[in-house]
Amino acid sequence: MDIKKKKLDKLTCFKAYDIRGKLDDEITPDIAYKIGRAYGIYTKANKVVVGSDIRLSSNSLKIALSDGLMDSGVDVLDIGTVGTEEVYFATSYLNCDGGIEITASHNPKNYNGMKLVREMSKPISGDTGLHEIREIAENEEGFEIKETKGKYQRISILDKYIEHLMTYVTLSNFKPLKLVVNSGNGVAGHVIDEIELIFNNNNIPVDIIKVHHQPDGNFPNGIPNPLLPECREDTRKAVIDYNADMGIAFDGDFDRCFLFDEKGNFIEGYYIVGLLAEAFLNKNPKAKIIHDPRLYWNTIDIVEKGNGIPILSKTGHAFIKERMRQEDAVYGGEMSAHHYFRDFSYCDSGMIPWLLVAELLCMKGQSLSSLVVDMIEKYPSSGEINVKLANPNLAIERVLNKYSESAVRKDFTDGISMEFTNWRFNLRSSNTEPVIRLNVESKGDIELMRLMTKEILDVLQN
């Protein structure tokens with residue numbers, strides 16, 4: 001391919017945890033090529049897995065990235081149009097030196113990006129090599145073409161990936177179940193088809209109703225981002241129309257799934273962390289469970305009742321994964337719908353959570369709403385509230401001054417966490433924009449939670 005020879009300006013597509021930017025500006029085939037070169041030079045990899053989501057620009061970026069890798073002497077194994085977790089799985093399963101997924105997940109159509117891992121699917125982020133890769137790409141340091149160019153091979157690991165997914169559940173535990181699955185015209189559909197085939201071939205009475213199932217990079221039904229309330233209506237409506245037991249919706253690269261109860265109500269990710277912690281402790285007594293600082297009273301309650309060990313980690317996939325490896329934790333969960341699994345190379349998966357929750361519904365013989373209602377009543381929460389401010393640091397200082405003396409416990413693992421007798425909050429600054437993120441929860445007092453949420457917002461904005 002024709003690669004420009006001029007050196008790049010600062011690459012603004014490099015973020016705190018991944019690579020992401022506007023097409024034809026922050027990310028182009030030229031930039032993708034140079035990232036491939038830099039990745040190969042920095043990691044000294046011999047063999048790397050690549051994959052791409054369904055965005056219209058993803059394949060051309062993957063080709064350019066692969067050219068860059070091969071010009072750095074790296075053999076490329078292209079696993080096709082896949083979700084991010086399929087790259088994670090392939091990297092570990094094939095014992096490769098790294099993996100790269102071309103994806104912008106839930107960002108608008110005019111964006112794309114990359115998620116990078118090294119051997120054993122260990123994350124490459126700001127603190128673990130991403131800055132160094134950016135500097136090499138910007139300066140074109142060591143860009144001489146290798147005498148031995150890497151080879152390219154197209155392969156499939158789908159069968160082995162599906163086989164691994166199904167190890168998390170026992171098929172005989174499933175009873176008649178009707179599930180709505182909204183792939184959002186992203187790349188999840190082919191995996192859902194394979195799981196459905198396994199259910200059918202084993203006479204498991206799980207009926208899957210597919211919504212926006214066909215992959216389409218034009219995203220005719222909107223960008224798949226179920227964190228936004230306006231992106232939930234189609235799943236909610238289908239659950240009600242088909243009288244389903246549960247709704248499942250994915251983001252674009254399906255490393256996150258979002259669940260709806262049998263009434264079509266969206267279930268906050270915080271309470272799903274509690275459900276999954278319970279599911280793992282049923283199978284792994286006394287296991288360690290990792291959670292983030294934003295909301296955690298419900299998680300700690302469930303883990304301790306299940307004789308598990310709750311462990312606090314800083315928010316963010318790189319931090320959670322590192323802590324899980326340190327602790328050999330069986331599961332880690334964030335309220336943002338990222339769920340991490342020890343036996344999945346400590347990586348996040350959007351497929352494993354819904355399989356586990358579906359199995360739990362069958363084993364308990366209860367609806368999803370009945371499984372979470374006690375949690376929601378016992379620990380009502382605000383959900384994450386984002387506040388744009390001109391001076392975030394000054395606003396946080398005002399909150400510190402108001403609540404510091406009366407707090408019974410303070411923690412600065414990630415932003416500010418303060419606990420009081422029957423309520424608590426976490427306040428964090430964004431890494432990339434002048435935004436503060438607030439989460440509040442209480443012990444069984446929804447009015448107190450709402451009151452304190454409003455009070456903190458007033459302090460922040462005044």
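Where is the place of Phe219? Phe219 sits in the loop between β8 (206-211) and α7 (233-241). Helices (H or I, at least four residues) and strands (E, at least two) are DSSP runs, numbered from the N terminus. The model is predicted, so local features need pLDDT of at least 70 and side-chain atom pairs count only at pLDDT 80 or more, while totals for chains, interfaces and linings use all residues. Residues are numbered from 1 along each chain as its sequence is written, and side-chain values use heavy atoms, with hydrogens and water left out.

The protein has 14 helices and 20 strands. Its C-alpha trace spans about 65 × 60 × 40 Å along the principal axes. Of the 462 residues, 59% count as buried. Buried means under 20% relative accessible area, exposed over 50%, and partly exposed in between (1.4 Å probe, protein chains only). Contact means heavy atoms within 4.5 Å. Among contacts between residues at least 6 apart in sequence, 70% join residues at least 24 apart.

The largest nonpolar core has 78 residues. Such a core is a set of buried Ala, Val, Leu, Ile, Met, Phe, Trp, Tyr and Cys residues joined through side-chain atoms within 4.5 Å. Tyr161, Ile195, Phe199, Phe250, Met351 and Trp354 have the most contacts inside the largest core. Leaving out residues up to four places away in sequence, Met351 touches Glu85, Tyr161, Leu165, Ala188, Val191, Ile192, Ile195, Phe250 and Phe254. Apart from this core lies another, of 31 residues, among them Cys13, Val48, Val74 and Phe143.

Val357 belongs to helix α11 (residues 351-364). Val357 is buried, at 1% relative accessible area. Beyond its neighbours within four places in sequence, Val357 is in contact with Met246, Leu259, Leu275, Leu276 and Leu368. The C-alpha atoms of Val357 and Ile272 are separated by 8.4 Å, although these residues are 85 apart along the chain.

Helix α3 (residues 84-93) is mostly covered, with 9 of its 10 residues buried. Those buried residues are Thr84, Glu85, Glu86, Val87, Tyr88, Phe89, Ala90, Thr91 and Ser92. Ring pairs link Phe89 with Tyr93, Tyr161 and Phe344 into a cluster. Just after α3, Asn95 takes a positive phi of about 55°.

Two further residues have a positive phi: Glu140, near 55°, and Phe219, near 45°. Most residues other than glycine have a negative phi. Glu140 lies in the loop between α4 (126-139) and β6 (152-154). Glu140 counts as buried, at 18% relative accessibility. Phe219 is buried as well, with a relative accessible area of 6%.

A search of the whole structure finds 20 aromatic pairs. The rings of Tyr17 and Phe319 form an edge-to-face pair, with centres 6.4 Å apart and planes at 90°. This pair links distant parts of the chain, 302 residues apart: Tyr17 lies in the segment before β1 (19-22), and Phe319 in helix α10 (residues 317-327). Rings of Phe, Tyr and Trp (its six-membered ring) pair if their centres lie within 6.5 Å; planes under 30 degrees apart count as stacked, over 60 as edge-to-face and the rest as tilted. Tyr17 is partly exposed, at 27% relative accessible area. Phe319 is also partly exposed, at 22%.

Charged side chains sit over rings too. Arg37 lies over the face of Phe143, 4.9 Å from the ring centre. The charged end of Arg232 sits over the ring of Phe266, 3.5 Å from its centre. A charge sits over a ring if NZ of Lys or CZ of Arg is within 6 Å of the ring centre and within 35 degrees of the ring normal.

Asn426 is found in strand β19 (residues 423-429). Asn426 is buried, with a relative accessible area of 0%. A polar atom of its side chain lies 3.1 Å from the backbone oxygen of Asp414. Not counting residues up to four places away in sequence, Asn426 touches Pro293, Arg294, Asp414, Ile416, Ser417, Arg437, Leu438 and Asn439.

Conventions: Polar contact = N/O pair within 3.5 Å; in protein donor to acceptor, adjacent residues only side chain to side chain.
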